[in-house]
Amino acid sequence: MSSVNAQIVKESSGLPKIAVGILLAILLFGMFIVGYDQGQLFSLVEGQKAFDDLWMHEFYHDLRHAAGFPCH
Amino acid sequence: MKTVAFILITLVSGAIAGTILGLINQILVEPYIDQAIAIEVQNTVASGESVDVDELVQYRLWQKGGEIVAGTILGTSISALFGIVYIYSRDSLPGSNNKKKGLILAGIMFFVIFLIPALKYPANPPAVGDPETIEYRESLYTTMLVISGFAALGVAILYRSLGQTRRESRKIIVPTVYAVIIALAFVVLPANPDEIIISSNLLMNFRIVSAITMGIFWGILGILLGSFWDIVKPHETRATKLRTI
Ligand SMILES: [Zn+2]
């Protein structure tokens with residue numbers, strides 16, 4: 001009796017749905033905070049103050065312009 | 001499919017490419033943003049308000065740091081989309097290795113996601129936009145972005161389905177369908193409502209360097225993901241079987 005280790009290399013291009021979901025969530029969240037946020041995210045904890053501070057808008061401001069998002 | 005390895009190399013490629021974008025912008029784009037902000041400051045002073053120069057300098061440094069952080073975040077988020085599209089299109093892309101395939105797909109996605117929306121709604125430096133219209137402009141820009149993205153997805157599916165019957169003519173049909181959709185969107189969507197009150201020189205230079213650095217970003221993203229792909233080979237699944245004879 002002898003045992004043989006056989007390594008099988010399979011190719012598959014199917015991406016699990018959960019992976020697609022995670023990546024799409026990262027896409028939308030990242031695009032939103034860099035390109036769109038006008039205080040919405042921080043307003044969840046800060047309330048109205050976030051809409052006056054516009055922290056994300058101000059901090060990501062230069063790239064928002066440079067990457068072609070509407071700003072100002 | 002090595003899913004975790006795939007997600008890791010995708011996001012790391014994007015984070016690196018995006019950070020480089022933020023750094024390159026410091027050299028190429030910032031001179032124009034600084035010029036535009038100087039115009040804004042002049043306008044503020046002319047209207048009778050005072051401007052604290054020291055404070056402004058500190059604030060601008062903070063914003064330039066933010067630009068690099070924003071590059072990392074935007075790069076990571078764009079790479080998430082790039083990775084998904086790459087998996088589903090890798091077999092159809094021309095190119096003898098993943099680096100070339102990655103670069104070709106990056107070129108296509110730069111065109112679809114950045115260049116086409118930018119031709120309808122070009123990037124503007126500070127001193128141009130009216131804060132009152134920001135939501136309207138965001139909705140216009142997003143509509144153009146989404147139309148271009150879904151039109152590209154649609155014609156990619158069309159390209160694949162024409163593979164059996166119209167192997168040659170699909171190379172003409174598919175770009176034509178995309179071009180017609182984009183032309184319609186350009187005609188139907190309203191123009192950017194804001195009045196341009198800065199020199200057209202500054203405006204054009206800003207738009208050109210913006211497109212150049214975004215092009216560099218996409219190129220780096222494609223090459224990086226392709227290179228990592230050739231090393232990690234996330235599409236292969238290794239199963240070790242123990243057979244007893
Ligand atoms: Zn701005």
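Predicted model: local features only at pLDDT ≥ 70, side-chain atom pairs only at ≥ 80, totals over all residues.

Chain B is divided into domain 1 (1–128 + 199–237) and domain 2 (129–195). Notice that domain 1 of chain B is written as two stretches of sequence, 1–128 and 199–237.

**How the two domains of chain B meet**

- Start with the spacing: 21 Å separates the C-alpha centres of domain 1 of chain B and domain 2 of chain B.
- Contact between these domains involves 14 residues of domain 1 of chain B and 19 residues of domain 2 of chain B.
- Together, domain 1 of chain B and domain 2 of chain B bury about 1300 Å² between them, and 61% of that area is on carbon and sulfur atoms.

**Polar links across the boundary**

- How many salt bridges are there between domain 1 of chain B and domain 2 of chain B? The count is 0.
- Polar contacts are present, though: 6 residue pairs between domain 1 of chain B and domain 2 of chain B are in polar contact, with both residues at pLDDT 80 or more.

**The domain 1 side of the boundary**

- Two helices of chain B, α3 (53–89) and α4, each supply at least two residues of the side of domain 1 of chain B that touches domain 2 of chain B.
- The largest share of that side comes from α4(B), with 7 residues.
- Sorted by type, the residues on this side of domain 1 of chain B are 10 nonpolar, 3 polar and 1 charged.

**Two residues with a positive phi**

- L54(A) has a positive phi of about 50 degrees, although L54(A) is not a glycine.
- Look for L54(A) in the loop between α3 (48–53) and α4 (55–59) of chain A.
- Is L54(A) buried, exposed or partly exposed? Its relative accessible area is 22%, so L54(A) is partly exposed.
- A127(B) is not a glycine either, and has a positive phi of about 85 degrees.
- You can find A127(B) in the loop between α4 (98–120) and α5 (134–161) of chain B.
- Because its relative accessibility is 10%, and buried means under 20%, A127(B) counts as buried.

Definitions and conventions:
Residues numbered from 1 in each chain as written. Chains lettered and ligands numbered in written order. Heavy atoms only, no water. Helix = DSSP H or I, 4+ residues; strand = E, 2+ residues; numbered from the N terminus. Buried < 20%, exposed > 50% of the residue type's maximum accessible area, 1.4 Å probe, protein only. Domains from an automatic or database assignment. Contact = heavy atoms within 4.5 Å. Buried area = accessible area lost by both parts, 1.4 Å probe. Salt bridge = Lys/Arg side-chain N within 4 Å of Asp/Glu carboxyl O. Polar contact = N/O pair within 3.5 Å; in protein donor to acceptor, adjacent residues only side chain to side chain. Nonpolar A, V, L, I, M, F, W, Y, C, P; charged D, E, K, R; others polar.
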